[in-house]
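Subject: Structure handover

Dear colleague,

Here is the structure we spoke of, with its sequence. My notes on helix packing and a few residues follow below it.

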Amino acid sequence: MAPPTRGRPRSFDRDAALDKALRLFWRQGYEATSISDLTGELGIGAPSLYAAFGDKKQLFDETVTAYGARYGGFAARALAEEPTARAAVARTLREAAIEYTTPGQPGGCMVISAGINTTNAEVAARLERMRNANVDAFEQRIRADMAAGTLPAQTNAAALARYVGTVMQGMSQSARDGADRAELLTVAELALRAWDEPAAGG
């Protein structure tokens, strides 16, 4: 009789395991999630985890990519599909209120929350780049509307884009702190009123 192996179980579903790891990092953050936490959540031993995903950092990088594809792509879709910057921002903030409070998944945004208090410079830098890439995308769209005459020429595109990013980060943390969907939808509407104020062009 052949000795038992220590490989992954035959029923191992890599995609499902990745989603479990993603949600664990999303809930706890990179720093607070240990290999023991991951193996317990995924139901596999450490050798199997390393064989399937590499080390903790490699697994985290893969979960961040998966998060963008599965949960966090609503802003990019809004920017691609809506006719104006304001319409894209309105859709993004409203969908953020929904996504950040979806039952059955961790609150808030993984890209905003997972790097809190991390001492891993690479992890912190990657998440920072992703957050700033969203702000840059909003700024580009705002500048396109300025060039088209949809927004006033004196609009402060950089500040307005940063404002949207700041509101999204605040909504994410508020969701983690217990704010419900109705509250965050109200925040989204208040933020849109501020967008429409003449001061936005200052």
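Helix α6 (residues 85–99) and helix α8 (residues 121–148) pack with their axes 9 Å apart, at an angle of about 150 degrees. Helices here are DSSP runs of H or I with at least four residues, and strands are runs of E with at least two, numbered from the N terminus. Axes are lines fitted to C-alpha atoms, for helices over the stretch in contact, and angles run from 0 to 180 degrees between N-to-C directions. The angle makes α6 roughly antiparallel to α8 (over 145 degrees; under 35 counts as roughly parallel, 65 to 115 as roughly perpendicular, the rest as oblique). From α6, the contact (heavy atoms within 4.5 Å) uses Ala85, Arg86, Ala88, Val89 and Thr92, and from α8 it uses Phe138, Arg141, Ile142 and Asp145. By class there are 5 nonpolar, 1 polar and 3 charged residues; Ala, Val, Leu, Ile, Met, Phe, Trp, Tyr, Cys and Pro count as nonpolar, Asp, Glu, Lys and Arg as charged, and the others, Gly among them, as polar.

The model is predicted: local features need pLDDT of at least 70 and side-chain atom pairs count only at pLDDT 80 or more, while totals for chains, interfaces and linings use all residues. Residues are numbered from 1 along each chain as its sequence is written, and side-chain values use heavy atoms, with hydrogens and water left out.

α8 also packs with α4, at an angle of about 10 degrees and with the axes 11 Å apart. The two are therefore roughly parallel to each other. Lys57, Phe60, Asp61, Val64 and Thr65 of α4 meet Glu122, Val123, Arg126, Leu127 and Met130 of α8. This contact has 5 nonpolar, 1 polar and 4 charged residues.

Lys57 lies in helix α4 (residues 56–70) and counts as buried, at 18% relative accessibility (buried is under 20% relative accessible area, exposed over 50%, partly exposed in between; 1.4 Å probe, protein chains only). Leaving aside residues up to four places away in sequence, Lys57 touches Tyr30, Asn120, Glu122 and Val123.

Ile142 of α8 touches Ala85, Leu151, Thr155, Ala157, Leu160, Ala161 and Trp195, again not counting residues up to four places away in sequence.

Tyr163 is in helix α9 and is partly exposed, with a relative accessible area of 30%.

Regards
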